[in-house]
Amino acid sequence: MTDESATVSQTSSPLRGANAPHYERFLDCIHCGLCLPFCPTYAELGVEMDSPRGRLYLMRAYTDGRIEMTENYVKHLYLCLDCRACETACPSGVRYGHIVELARAEIERHHPRPDRVRRLRDLVFKRVLPSARLLAFAFWPLRLYQGLGLQTLIRQSGLLQSLPAGLREMEAMLPRLPRRSLKRALKPVIPAKGTRRYRVGLVTGCIMNEMFTQINVATARVLAENGCEVVIPAAQTCCGALHVHNGERAMAEALARKNIEVFEQAGVDAIIINSAGCGAHLKEYGDLLEHDPASHERAAAFSAKVKDISEFLAEIPLNELMGPINARVAYHDACHLAHGQRVREQPRALLRRIPGVTLVDLAESDWCCGSAGIYNITQPEMSMRLLARKMSHITAADPDIVATGNPGCLLQIRYGAMRDKKRIEVVHPVELLDRAYQAAKKGV
Ligand code: SF4
Ligand code: SF4
């Protein structure tokens with residue numbers, strides 16, 4: 001188990017302070033290797049240092065002061081998807097995601113990055129994502145690009161072929177952005193249909209709110225159909241998941257404190273989220289703030305209320321007045337729902353309750369599609385390899401619709417379907433439920 005340039009000489013600067021995991025968490029790993037066949041990067045590359053066991057070895061060696069933070073060390077830790085499939089496979093309960101996120105925070109503290117990368121990271125993580133106003137502003141050029149018909153023109157002109165492959169892929173992934181007027185459907189309080197049985201808070205997310213407003217609208221409508229008064233606090237902010245996955249821990253903590261305060265004031269029974277990556281992170285606010293006595297208990301109480309939309313609907317008596325959707329549906333498990341939150345059966349059970357839906361098996365349904373937050377931007381080659389693997393399984397399952405509960409997976413698999421010229425719709429499960437309720441109303 002060696003990696004020459006990562007395993008360098010002695011150092012006196014071990015991973016420590018706020019970024020040091022409890023050392024026992026390394027000792028949980030008994031080096032059995034049972035996680036290796038489930039790790040997408042190990043499956044693709046066959047390199048020990050691109051496996052969970054190898055990466056744990058590297059992080060522990062760094063913490064012990066036995067190796068330096070070399071380029072290679074950074075490369076292996078950032079080639080990890082943070083998909084947490086290794087946690088599901090591990091018989092020893094290793095909290096891999098928690099450890100790698102702390103290691104990345106350490107990297108961002110000590111590893112020099114080119115000025116332009118540092119400035120771009122600061123702009124995105126510290127200015128744009130935490131500000132709903134700036135985020136909406138950042139999407140304006142894209143709305144104009146689509147709204148003025150430039151996207152169609154440029155795509156037809158072949159001009160895109162002169163762009164680098166990475167930029168071409170990003171352009172191709174851009175979904176049709178929802179109309180701004182959709183956001184008006186999201187009032188601060190949406191009343192329950194019929195008797196109010198629950199008062200729930202809806203986390204609207206940042207990317208979800210800009211790119212997939214229709215999913216938030218569908219979520220609110222489905223909750224209202226099921227006796228929920230839906231509260232959408234205007235002061236909520238980005239959950240901080242992208243920050244934690246990319247080593248920006250201090251900012252993530254500030255965002256968490258803000259959200260805790262906002263949802264405490266909302267006085268809700270449950271906090272509902274429809275994005276798997278955000279949900280897994282919101283459920284770990286207690287861990288994020290474990291070193292902060294002033295916030296830890298409140299963070300744990302907040303996290304205890306967080307439910308993925310499918311998890312919540314599976315726990316309450318469901319309104320069964322649905323119209324039919326006659327389609328073969330394949331369900332792709334978003335990593336942070338299956339591995340991060342252990343929510344696997346609930347979305348499938350909900351889909352099976354829609355009349356007309358035939359749920360078809362999808363091989364490796366809980367393998368990462370290569371989206372993984374901003375991984376498809378930072379690691380395009382591995383991302384596309386994993387997308388190709390996912391698309392081959394989707395092709396074999398031959399569905400009309402792929403359903404998945406995470407915005408990154410939606411973008412990635414839609415791109416895969418478009419690139420492979422597959423006539424497959426890719427939607428969030430809650431959109432299908434909403435469609436079924438609307439169909440019942442229209443008497444379809
Ligand atoms: S998080 Fe995913 S990519 Fe990273 S080591 Fe674990 S299984 Fe492999
Ligand atoms: S992380 Fe878990 S499964 Fe993987 S080698 Fe360590 S103990 Fe074994």
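Trainee: How many bridges join S2 to strand S4, and do the two run parallel or antiparallel?

Mentor: First, a caution: this is a predicted model. Now read the pairing. Three bridges join S2 to strand S4, residues 270-273. The two run parallel.

Trainee: Which residue of S4 stands opposite Gly-201?

Mentor: To read a pairing, pick one residue and look across. Opposite Gly-201 you find Ile-271 in S4.

Trainee: What joins strand S2 to strand S3?

Mentor: Four bridges do, between residues 198-202 of S2 and residues 228-231 of S3. These strands also run parallel. Look at Gly-201 again. Its bridge partner in S3 is Val-231.

Trainee: Where do side chains point in a strand?

Mentor: In a regular strand they alternate between the two faces of the sheet.

Trainee: How many bridges join S6 to S8?

Mentor: Three bridges link S6, residues 327-331, to S8, residues 401-403. The two strands run parallel. For one pair, take Ala-330: its bridge partner in S8 is Val-402.

Trainee: On to helices. At what angle do H14 and H17 pack?

Mentor: Read two values, the angle and the distance between axes. H14 (residues 249-266) and H17 (residues 296-305) pack at an angle of about 65 degrees. Their axes are 10 Å apart. Then read the handedness. H14 passes H17 in a left-handed crossing.

Trainee: Which residues meet in that contact?

Mentor: H14 brings Ala-256, Ile-260, Phe-263 and Glu-264. H17 answers with Arg-298, Ala-299 and Phe-302. Sort them by class: five are nonpolar, none polar and two charged.

Trainee: Last, the ligand. Which residues come nearest to ligand 1?

Mentor: Start with the shell, then find the nearest members. Around ligand 1 there are 13 residues. Cys-39, Pro-52, Cys-80, Cys-83 and Cys-86 come nearest.

Trainee: Which elements give two or more residues to that shell?

Mentor: Three helices: H2 (40-45), H3 (52-64) and H5 (85-89). Finish with the classes. The shell around ligand 1 has nine nonpolar residues, one polar and three charged.

Definitions and conventions
Residues are numbered from 1 along each chain as its sequence is written. Chains are lettered from A and ligands numbered from 1 in the order in which they are written. This is a predicted model: local features need pLDDT of at least 70, side-chain atom pairs count only at pLDDT 80 or more; totals for chains, interfaces and linings use all residues. Two strands pair if DSSP finds at least two bridges between them. Axes are lines fitted to C-alpha atoms, for helices over the stretch in contact, and angles run from 0 to 180 degrees between N-to-C directions. A crossing is left-handed if the near helix is turned anticlockwise from the far one by less than a right angle, and right-handed if clockwise. Two residues are in contact if their C-beta atoms, placed from the backbone, lie within 7 Å. Ala, Val, Leu, Ile, Met, Phe, Trp, Tyr, Cys and Pro count as nonpolar, Asp, Glu, Lys and Arg as charged, and the others, Gly among them, as polar. A residue is near a molecule or strand if its C-beta atom, placed from the backbone, lies within 6 Å of it.
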